[in-house]
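Here are my notes on this one, in the order I'd go through them. Have the viewer open as you read.

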Amino acid sequence: MVQGNKWRKLKYNLLEARLNGQHTILTFGGAYSNHIYAVAAAAKIFHFKAIGIIRGDETTVQSPTLQFAASQGMQLHYMDRETYRHKEDAANIESLRVQLGDFYYVPEGGTNIFALEGVAEIIPELNVSYDYLCTACGTGGNVGRFSKRFKRREEADWFSSLKGTDTLTGKVNELVQEYTGEQYSNFKVNFNYHFGGYARIKPELIDFIKQFKRDYDITLEPVYTGKMFYGLFDMIQKDVFAKGTRIVALHTGGLQGLSGYPAYFPELNYLTK
Ligand SMILES: *Cc1c(COP(=O)(O)O)cnc(C)c1O
């Protein structure tokens, strides 16, 4: 089964690839990437050949994520960190085409115009009314397309898993503009709960995830959903929202990554069981 927001971002990309007569999907990611996991699974189900360009070298830990990707038939290639920084340059993509043959290119994290369409389908599926919608935010794919679907009075808060940069807000605006031809100001990216940046953690985050499991029997992971719920609960406690505000918090998945964490966060080991 493919699930989580990474699948939503892939759906219309795979349709586009098929329309273009492409049989191979190439994408980028790290050793624990939810996106690599989703591409490998979806490519197998829909009979595409998948190539994953992984940051690091062969000595990069054989993470459970990469083992899963390989088991789905994804071809894994490693790219040194320096080259990886420029991976999206046209020259680099071109040299990959020469090396590996033609492919349909999906960016790291899966966020592009086609991703927005799939993510947007979440909105009509939410059959509860709300004033605020919250989701975890990496590249901004979630944010981008939601904005347009909102009725005017609805607002959204996005909890960034990346260290505070205004470029993310700008990038989302660009994406929305490109897609809809309009600007929306009904969302904001919250940079207060990134815990030091992507995949960085603090003991209070781990404690929160454990407490959340005890209180609600809902599993979070420390990269995306844990930070969002931590931030949301903190804001509620600090009375940031007016009394009676209806808040919907979207759990975007990502639990596959947990199986890679025990090595780093042995305390979360039991969540992967
Ligand atoms: C990638 C991811 C996000 C962030 O989505 P973006 O579209 O990159 O902002 C949130 N939650 C999970 C579980 C993810 O894997």
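1. Helices are DSSP runs (H or I, at least four residues), numbered from the N terminus.

2. Before going on, the ground rules: this is a predicted model, with local features needing pLDDT of at least 70 and side-chain atom pairs counting only at pLDDT 80 or more, while totals for chains, interfaces and linings use all residues. Residues are numbered from 1 along each chain as its sequence is written, and side-chain values use heavy atoms, with hydrogens and water left out.

3. The crossing is right-handed, meaning the near helix is turned clockwise from the far one by less than a right angle.

4. Who touches whom? On the α1 side K6, W7, L10 and L14 meet N34, H35, A38, V39 and A42 of α2, contact being heavy atoms within 4.5 Å. Those residues split into six nonpolar, two polar and one charged (Ala, Val, Leu, Ile, Met, Phe, Trp, Tyr, Cys and Pro are nonpolar; Asp, Glu, Lys and Arg charged; the others, Gly among them, polar).

5. Have a look at N34 in α2. N34 is buried at 15% relative accessible area (buried is under 20%, exposed over 50%, partly exposed in between; 1.4 Å probe, protein chains only). Setting aside neighbours within four places in sequence, N34 contacts K6, Y224, G254, Q256 and G257.

6. Now the rings: the count comes to 15 aromatic pairs (Phe, Tyr and Trp rings, Trp by its six-membered ring, with centres within 6.5 Å; planes under 30 degrees apart are stacked, over 60 edge-to-face, the rest tilted). F208 and F233 are edge-to-face, at 5.8 Å centre to centre and 75° between planes. F208 sits in α10 (residues 203-216) and F233 in α11 (residues 225-237), so this pair ties together parts 25 residues apart in sequence. F208 is buried at 14%, whereas F233 is partly exposed at 30%.

7. F233 also pairs with F212: centres 5.5 Å apart and planes at 70°, so edge-to-face. F212 is in α10, 21 residues from F233 in α11, and is buried at 4%. Ring pairs link Y193, F195, F208, F212, Y216, F229, Y230 and F233 into a cluster.

Note on methods: Helix = DSSP H or I, 4+ residues; strand = E, 2+ residues; numbered from the N terminus.
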